Every structure is written in C-alpha cells, then in structure tokens.
Amino acid sequence: MNRPRLVAAVVAFLGMSVVTACSADTTDGTGGGGSGGQVTLAAVQAWAGFNPYVPDQGTSIGINIANAIYPSTFHVEADQTVVLNDDLLESAEIVSTDPQVVEYRIQDDAVWSDGTAISADDFVYLWKHLNGSDKDLQVTSAIGYKQIAAVSSDGDPKAVKVEFSSPFADWKSLFSPLLPAHHMASLGEDAAAWNTGLVEESPVSGGPYAIAENRTGEFLQLAPNPQWYGDAPTIDDVTLRFFGDDQSVLQALASGEVDFALDLKATRALISQADGMSGLVTKVVPTTNQQFLNTQFASPTVGDLAVRRAIATALVPEKIAETAFGGDVAELLTTHHILAPASPWYAENRPEGFGTGDVDAARQILTDAGYTPGADGVFAKDGTRLELNYLVRAEDDLARQVGVIAQDELKKIGIAIKLNTVNSADWFPTLGKADYDIGLGNYPASAFPVSWYGGLYPCDAGYNFARYCNKDFDAIYYSAYGELDDDKRADLVHQADDMLWEDVANIPLFEVPQLVVHASDLDGVDVYLPKEYQLLAASTWRRG
C-alpha cells in the first residue's frame, strides 16, 4: 500500500540509481508456451527438509520450496494482497458467521504428482496435525487450526466444509500449503513421519514443480510436475544452490554460475559490488522483513527485566541502521513488534526513553536493580556478571555487524558482549536449546500479521525460541484472532504490542532492504514479490 513512498526512500538513502536491463522486471509473464530453459538460483540459507510446518524446516527458504511443490488455497501478491489460487480451487467463501463456516471447492482436475486426487482428506490431515492436540508433533503454529471444530466433505471429496469453534479473521491464511495426506501416511508412525519424514524424502508434488534431486546443503533440482493441472511452467529446470555467504553468491552471479539471488541484504558494500557487474539487473527494494534484537528469557542475565530495559535504552536503532546501510534510514525504522510500517494499522509505539542511547539512564536502571560495576567496569549482581553471549549465524554478515555495534554501545553501560558464531547446521539446534543471551532475530511480515506473529510470541508458539511467556498477553492476542471488526482488532493488536514493550520481549530495530540481482536475460521477474514466492514464480519466467 505504501510501497512507492518506501521504494523512493530506500533508493535515496542508499545513494544509487536503479539499474535496469532489457525488460526484465515486468510482471506480465504467464505460464504456457514459454521458451523453456534452465534457471539456477542462489540461496544463502540452507534448507532442512520439506515440511514447512516444522520449525527448523519452515524457514524462509523452506517456505519458498514448499510454495513451488505444494498447492495453497490462496497466494500473496507483491503488494501483500491475497488472491484465490484458482489452479487449485473453484471457490472459497464464508457461508456462515455464527458459527463461522468456510466452504472450499477443489478443482476436479487437481491431483498430486502420483495421480492421487487432491481432496478433503488433505485438508483434514493438515487440520489434525496443526490443531495442537498431539504434543509429540513439532509445529510452527497451531493458530487458526485450533480454532477449527471440524473439517468434513459430506461425501464429496472435492467439497470441503470447515466449521470454526470460534471466529478466525485470517481464515485465508489456512491450508497454505497443503501436504499430501496419503504420502505422509505411507511414511510410517505419525509423529516421526510429520517431524522428520520429509527431511530427506522427496515428497509427492501438487504444485508446478516436483523435486528431481536433492542434496541437502548443496543443491536442489526442480523439474515440471508431469501431473500439474495449471499452465505449464515456462522454465524446464530450476536448480537451487546453497552458498554459505553473500560474497560467494555475488561471485557466482558475476561468473554466470547462477541467474538469481534469493536473499541478499542491501548493505552498502554488497550494493557497490553488484552495481559494477555487467550482464546483471540490480535493484534495491523494500521488504517487510522485521529485524529485532532477540532477548532470551531463559538466560540468567537477559532473563532479568532490568537488563533488557537497560539494553533497550542504550541501543539506538537509527545508529545501527545508518552504520549498516548509510544515509537517511528513517523509513526503515520500526517500533512495533507485530505490524510493519506499511500496514494501515501501524503506529509508532516505542516507550519513551528506549532507543535513546542514554548511557546514564541505562546504568541507573542496572544500579536500581542491584547491579554494581566490577574493577573492569562490567556490572554484576549476586556473582553473575553481565557478560552476554551474542548468537550469530556464520553466513549472516548483518547480524555480525550489529553484534559489533552492540559490543561498543553496551560496553558503555557495563555490559560485555561476546560474539558466538555458529554455522548454518547448528543454528536451529542452538536456538532450540536457548543457548544464547541475545542475537539479531528476524521474522518476515505477512499479509496476515496477527496470526503470523502468533508463531513468535505466545507461550506455545513454534518459533518462540526466546522462551517468552505471558498469559495475559496470550489472552489479548488470541482475542485478536477472532475479531472480525478491523478497528477493534487493531486496538487489540496495539494493546498486545504495549505488553511486549513492557516485557521487552525483544527490541524492534528496522526493516532490511533487499538487494535483488538477476541475469539480464531472465524475463518476467517481479522483484517486489515476497521472496518466499520466488520459486513458485519461476514457473512463469522466460529466458530472453
């Protein structure tokens, strides 16, 4: 909605002009009748499996892959609007509000790649595995699914009736994507099949592409799904290659090894390098990828509210963003835990005093809480020194840069920071064990921000690695799920955000602009499309 304003600001503060070549950045590509050919995409983040509803598999890259191989009820467009996937569905509509009932009609020719019909069974399977009733299942979030009372077909496998036990405003976010129920059942015992069955297994496809070959940590090859019921993909071979860092991706782009970079952060250094490369289209575009300082509630140090408040006071998000990106970064800053600045509900919500860099005030917070400085200036209480473990993934240059800034700034208030670098394979296990104090977190925003962030903050949320738990927050937040009136819902969201600030559940910093680089002969690319949909969009690209 506010994209044009933000695009102009991002380009301005980065001090670069948009580089274009041919007519690559259009959105008029359609499936069928294309030139064929091959496309290789580079990923900085490794994929861990093909069940996007399991936390360590449902990463940004995991969701991207899932969107290419599984069917969804709705798709998210570049402007964050939501549209019916009419390849899969004839219709989806609310037929009753008391109780809320949604009816779906599946296209007659919609089938999985093994010829099995996509049916109500797939809806039932997903609901039963995501409604929170089986505690042995690892799930990113039960939101929406646990509000469902029943899923049925009334004898017609292509008709799906979903009845809710309580209203759920973001119902269009559900069943996206679907998993093949019959294939999942063939993998064996239920919990094991769900949690780990798709780690190495090449699943049955219901999207435009199917997995031809997978070597986790190296490459993933997608080929057209022979049973695909939509327009034929215009690209015959899509290969996703894993690179450990941004520099390696840029080198591969320059040499022609890859055609498209999925996730490059728009730092000044990367932009300067990419801008000088020939044969490539380079664009800086805004994202709604919210970056925040992650605060670990299970930590013996950061678990103390006073320590979190002191950190929130001492760190200045604007200064951090300026160091990382340069220039005027006002349009990137965010002060809301749940809503991105582009949201029509967004409001500046950071409490007075936080984000000011007031060293004296931050030190006073610690002093009032009983901390005293040691001979080296590091504060301590009851024998516990404020020496914090800052977790950073080895491939994440931005997180490392923010960590170095935090070292310098927090040293002034008597807090010592040690950077703990882990490789990509150890990243989620480390998060899962809560083996850190702080770190740079990120959570891409969604067309469904209320239900989406329910995967991060409620006590039982699948991505709540910070161990934050406030039952009062949960009560307000869950009530927002079912509020169908937009104004009342927005008010509940703001109340919930106030509570997150009171608890300093994390510290919102900024949205990261994205550097999009692709080969100049790759037509049909929409650089504003959410990155989690680029592999799906590859089915409509063309080689010029």
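Glu483 touches Ala169, Lys488, Arg489 and Leu492, leaving out residues up to four places away in sequence; contact here means heavy atoms within 4.5 Å. The model is predicted, so local features need pLDDT of at least 70 and side-chain atom pairs count only at pLDDT 80 or more, while totals for chains, interfaces and linings use all residues. Residues are numbered from 1 along each chain as its sequence is written, and side-chain values use heavy atoms, with hydrogens and water left out. Below is a friendly tour, topic by topic.

**Confidence**

- The chain averages a pLDDT of 89, and 93% of the residues score at least 70; pLDDT is the predictor's confidence in each residue, from 0 to 100.
- Over residues 1-34 the pLDDT stays under 50, and the model has 79 contacts beyond four places in sequence for this stretch.
- Where pLDDT is low, the predicted coordinates should not be read in detail.

**Around Glu483**

- Glu483 sits in the loop between α14 and α15; helices (H or I, at least four residues) and strands (E, at least two) are DSSP runs, numbered from the N terminus.
- With a relative accessible area of 24%, Glu483 is partly exposed; buried means under 20% relative accessible area, exposed over 50%, and partly exposed in between (1.4 Å probe, protein chains only).
- A polar atom of the Glu483 side chain lies 2.9 Å from the backbone nitrogen of Asp485. A polar contact is a pair of N or O atoms within 3.5 Å; within protein, one must be able to donate a hydrogen and the other to accept it, and residues adjacent in sequence count only if both atoms are side-chain atoms.
- Glu483 and Asp170 are 313 residues apart in sequence, and their C-alpha atoms are 9.6 Å apart in space.

**Helix α14**

- At the start of α14, a side-chain oxygen of Asn470 comes to within 2.9 Å of the backbone nitrogen of Asp472.
- Which residues of α14 are buried? They are Phe473, Asp474, Ile476, Tyr477, Ala480 and Tyr481.
- These buried residues of α14 pack against α13 (449-452) and α15.

**Aromatic pairs**

- The structure holds 23 aromatic pairs. Rings of Phe, Tyr and Trp (its six-membered ring) pair if their centres lie within 6.5 Å; planes under 30 degrees apart count as stacked, over 60 as edge-to-face and the rest as tilted.
- The rings of Phe354 and Trp501 have centres 5.9 Å apart and planes at 50°, so this pair is tilted.
- Phe354 belongs to the loop between α9 (317-325) and α10 (359-368) and Trp501 to helix α15 (residues 486-503), so the pair ties together parts that are 147 residues apart in sequence.
- Phe354 and Trp501 are both buried.
- Phe473 and Tyr477 make a stacked aromatic pair, with 5.2 Å centre to centre and 15° between the planes.
- Because Phe473 and Tyr477 are four residues apart in helix α14 (residues 471-481), about one helical turn separates them.
- Phe473 is buried, as is Tyr477.
- Ring pairs link a cluster that includes Phe164, Phe168, Phe297, Tyr453, Phe473 and Tyr477.

**The disulfide**

- How many disulfides does a search of the whole structure find? The search finds one, where a disulfide is a pair of cysteine sulfur atoms within 2.5 Å.
- The disulfide joins Cys459 to Cys469, with an S to S distance of 2.0 Å.
- The torsion about the S-S bond of Cys459 and Cys469 is about 95°, so the disulfide is right-handed.
- Cys459 counts as partly exposed at 23% relative accessibility, and Cys469 counts as partly exposed at 46%.

**Around Gln534**

- Gln534 is found in helix α16 (residues 534-537).
- Gln534 is buried, with a relative accessible area of 3%.
- A polar atom of the Gln534 side chain lies 3.1 Å from the backbone oxygen of Asp526.
- Beyond its neighbours within four places in sequence, Gln534 is in contact with Asn64, Phe260, Leu262, Asp526, Leu529 and Trp541.

**A three-stranded sheet**

- Three strands form an open antiparallel sheet in the order β15-β16-β17; two strands pair if DSSP finds at least two bridges between them.
- The edge strands are β15 (372-373) and β17 (384-385), each pairing on one side only.
- β15 and β16 (residues 379-381) pair in the antiparallel sense over two bridges.
- Pro373 stands opposite Phe379 in β16.
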